[in-house]
Structure formats: structure tokens, C-alpha cells
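Please keep the sequence and the model in view while reading.

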Amino acid sequence: MAAPLLLKGIPLLRLRLQRYNCLSARIVSSPCRPWCAAAEPTGHQDEVSSSEKSSVVLTVKDPPKYHRWDDPDYRKWKDKEEQMLRDIKPIILLVKEILHSSRYMDGERLTVADEETVVEKLLRHHPHSEDKIGCGFDCIMVDRHPQFRHSRCLFVVRTDGGWIDFSYQKCLRAYIRDKYPSHAERFIREHFKRGSG
């Protein structure tokens, strides 16, 4: 009884194997387009001398055109970049935890310790911090952005009850530009999203 069941699948298997063999035979035997234009033989190659051909190919004497660890300028940049990342990593981790975890509910005020850290490490470096604080600073809270309801962000709550959002990335950019002026733009270009200031 088991033999007829096994035999039912054999024609299908044969058909698949036959299609596979035909496909592989066509790939091997038929002339096909090269993978790239550089692989196509042209008559122009005959006109190029052998010395010109060898100058195009990289040799051991011609290193690749990318930065290497033995380049002192590149090494200085990587060391500075590492230092900058170590400097801002704790505040980035804190802000991401505040915004993306269940630690704070929408509309909730930050704890005193978190608020002090956010004000000291971020808000005071915001390019428009005085405008954000306005009539006076009451607290920092987390809530949904009024226009972009899927985004949570930090808000300055003023003494008059008004509140306004601020971008922690703008704060970090300003901090980096102030503390590391010679490396700031490269660091920002490589490590921050483009559209946010």
C-alpha cells in the first residue's frame, strides 16, 4: 500500500528534474549576456597597448584608494570619533530609553534625576534654548508630538503652563559643534540622520 503512494510523487519529481536539466543545459550551452559591460569584448581593447592594460590593474605597489589604519590622519579621526561616541553615548541611551520604553507614560513628567541630566546635557545646548524655555522652566515631560502622533518627544513645560517640544538631536549637534569644532561636521554627517537639522 505504501508503494503506490510513493510512486504518485515520482512523475512530479521527474518533471521537476527534467525542467531543471533543460534550464541548466540552456545556461551552460547558450551564449548569454555578460554580467557587466566591462566583461564584453570590444575591438577597442586591441588598440590599447599592454603597458596601458597593466596600469589599470592594481598591483601590490598600488594600494587601494581607501583609508588605512596606518594613515596618521585617518587614525586621528578614528580616535577622535571613538572619543566623541563615548562622550554622547550615555545621554543618547538615556533619551532613547525615556522615549521608547514604558518607563514614562504619555504626558508624564521626568524624574528629578532624569530631568537634571536632560537639561544639563541637552536642553542647555539647544540652538534656541532661550526661546524654548520662554517665560520660565517648570519641568520636562514626554508626550506624543501634536503633528506626528506616532512620535514621542521631549517637551519643555513652562511656568505659565505652556509646553513646547525640542529635538534632542539638535541639542547633540550643537554640543558636538561646541566641544569638537574641528571634527564636528564630519561626525554629524556620518552619525546623524540628515533631515533633522
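**Helix packing and a pocket**

Helices α4 and α8 cross in a right-handed manner. The model is a predicted one.

**α4 and α8**

- The contact joins Tyr74, Trp77, Glu81, Met84, Leu85 and Ile88 of α4 to Ala184, Arg186, Phe187, Glu190 and His191 of α8.
- By class, the residues of this contact between α4 and α8 comprise seven nonpolar, one polar and three charged.
- The axes of α4 and α8 come within 11 Å and cross at roughly 70 degrees.
- Angles of 65 to 115 degrees count as roughly perpendicular, and α4 and α8 are therefore roughly perpendicular to each other.

**α4 and α7**

- The axes of α4 and α7 come within 12 Å, and the angle at which they cross is roughly 165 degrees.
- Because angles over 145 degrees count as roughly antiparallel, α4 and α7 are described as roughly antiparallel to each other.
- The crossing in which α4 passes α7 is right-handed.
- On the α4 side, the residues that meet α7 are Met84, Asp87, Ile88, Ile91, Ile92, Val95, Lys96 and Leu99; on the α7 side they are Tyr168, Leu172, Tyr175, Ile176 and Lys179.
- The residues of the contact of α4 with α7 include 10 nonpolar and three charged, with no polar residue.

**α4 and α5**

- Helix α5 spans residues 112-121, and its axis lies 11 Å from that of α4, with a packing angle of about 125 degrees.
- That angle makes α4 oblique to α5.
- The crossing of α4 and α5 is left-handed.
- Ile91, Leu94 and Ile98 of α4 make the contact with Asp114, Thr117, Val118 and Lys121 of α5.
- Sorted by class, the residues of the contact of α4 with α5 are four nonpolar, one polar and two charged.

**The second largest pocket**

- The volume of the second largest pocket is about 200 Å³.
- Its lining draws at least two residues from each of α4 (72-100), α7 (168-179) and α8 (184-191).
- Helix α4 gives the most to this lining, with five residues.
- The residues that line the second largest pocket are Leu85, Ile88, Lys89, Ile92, Lys96, Tyr168, Gln169, Leu172, Phe187, His191, Phe192 and Lys193.
- The lining of the second largest pocket has seven nonpolar residues, two polar residues and three charged residues.

Conventions. Residues numbered from 1 in each chain as written. Predicted model: local features only at pLDDT ≥ 70, side-chain atom pairs only at ≥ 80, totals over all residues. Heavy atoms only, no water. 1 Å grid on protein atoms, 1.4 Å probe; cavity = no way out; pocket = protein on both sides within 12 Å on 5 of 7 lines; lining within 4 Å. Points joined across faces, edges and corners; volume = space filled by probe spheres on them. Helix = DSSP H or I, 4+ residues; strand = E, 2+ residues; numbered from the N terminus. Nonpolar A, V, L, I, M, F, W, Y, C, P; charged D, E, K, R; others polar. Axes fitted to C-alpha atoms, helices over the stretch in contact; angles between N-to-C directions. Parallel < 35°, antiparallel > 145°, perpendicular 65-115°, else oblique. Left-handed = near helix turned anticlockwise from the far one by under 90°. Contact = heavy atoms within 4.5 Å.
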